[in-house]
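I opened the notebook to look up how the side chains pack in this chain.

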Amino acid sequence: MSQTVTLYTDGACRGNPGPGGWGVVLRYGDARKTLHGGEPETTNNRMELRAAIEGLRALKRRCAVELYTDSQYVRRGVLEWLERWKSNGWRTADRKPVKNVDLWQALEEQVSRHDVRWHWVKGHAGIPDNEMADQLANQGIDEMLAT
């Protein structure tokens, strides 16, 4: 794996639940690509997950990925909770069904295709690519609402 791709991902929701969007900034060397989308009725956590899924899905071959998210839900879910949820039949420690299981399974599938290192960044702290991912997530909402 010679190429390292940097992903910044973010999700947004207006109301929770409500209309939501996701945004991704991909960087490879000097190249930059952006992605975004929206859904009419969703949650912030679902949009955070979708951003990570869509960013990883956009990579056509196996890559080393430095993935930055301002969502502790996504980062901790992947690094701390996912294996236990799976071994418990997709149930939490208190035996309740895992929320957003469809997206957790999709994220797990995408993560398995790459060598991903997870990083948490503080949201709205002036980190340029994180701010851009946030703008893209909001653009996803705006475009979805305009149709």
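Predicted model: local features only at pLDDT ≥ 70, side-chain atom pairs only at ≥ 80, totals over all residues.

**Entry: main core**

I began with the largest nonpolar core, which has 30 residues. I listed those with the most contacts inside it: Leu 7, Leu 56, Val 65, Leu 67, Trp 104, Leu 107 and Trp 118. Helix α1 supplies the largest share, 6 residues.

I then looked up Leu 107. Beyond four places in sequence, Leu 107 touches Leu 49, Ala 52, Ile 53, Leu 56, Val 74, Val 78 and Trp 118.

**Entry: second core**

I found a second, separate core of 6 residues. Its members include Tyr 8, Tyr 68, Val 121 and Ala 133.

**Entry: aromatic rings**

How many aromatic pairs are there? The count comes to 4. I took Trp 81 and Trp 85 and found a tilted pair, 5.8 Å centre to centre with 40° between the planes. The two are separated by about one helical turn because they sit 4 residues apart in helix α2. I noted Trp 81 as partly exposed, at 21% relative accessibility. Trp 85 is buried, at 10%.

Trp 85 also pairs with Trp 104. I logged this pair as edge-to-face, 5.1 Å centre to centre and 70° between the planes. Trp 85 lies in helix α2 and Trp 104 in helix α3, so the pair ties together parts 19 residues apart in sequence. Both Trp 85 and Trp 104 are buried. I recorded one aromatic cluster formed by Tyr 73, Trp 81, Trp 85 and Trp 104.

**Entry: Thr 69**

Leaving aside neighbours within four places in sequence, I found Thr 69 in contact with Thr 9, Glu 48, Arg 75, His 119, Trp 120 and Val 121.

**Entry: Glu 131**

I placed Glu 131 in helix α4 (residues 128-146). Its relative accessible area is 21%, so Glu 131 is partly exposed. Not counting residues up to four places away in sequence, Glu 131 touches His 124, Ala 125 and Gly 126. I also checked Glu 131 against Ile 53, 78 residues apart along the chain. Their C-alpha atoms are separated by 19 Å.

Technical notes
Residues numbered from 1 in each chain as written. Heavy atoms only, no water. Core = buried A, V, L, I, M, F, W, Y, C linked by side-chain atoms within 4.5 Å. Buried < 20%, exposed > 50% of the residue type's maximum accessible area, 1.4 Å probe, protein only. Contact = heavy atoms within 4.5 Å. Phe/Tyr/Trp six-rings, centres within 6.5 Å; stacked < 30°, edge-to-face > 60°.
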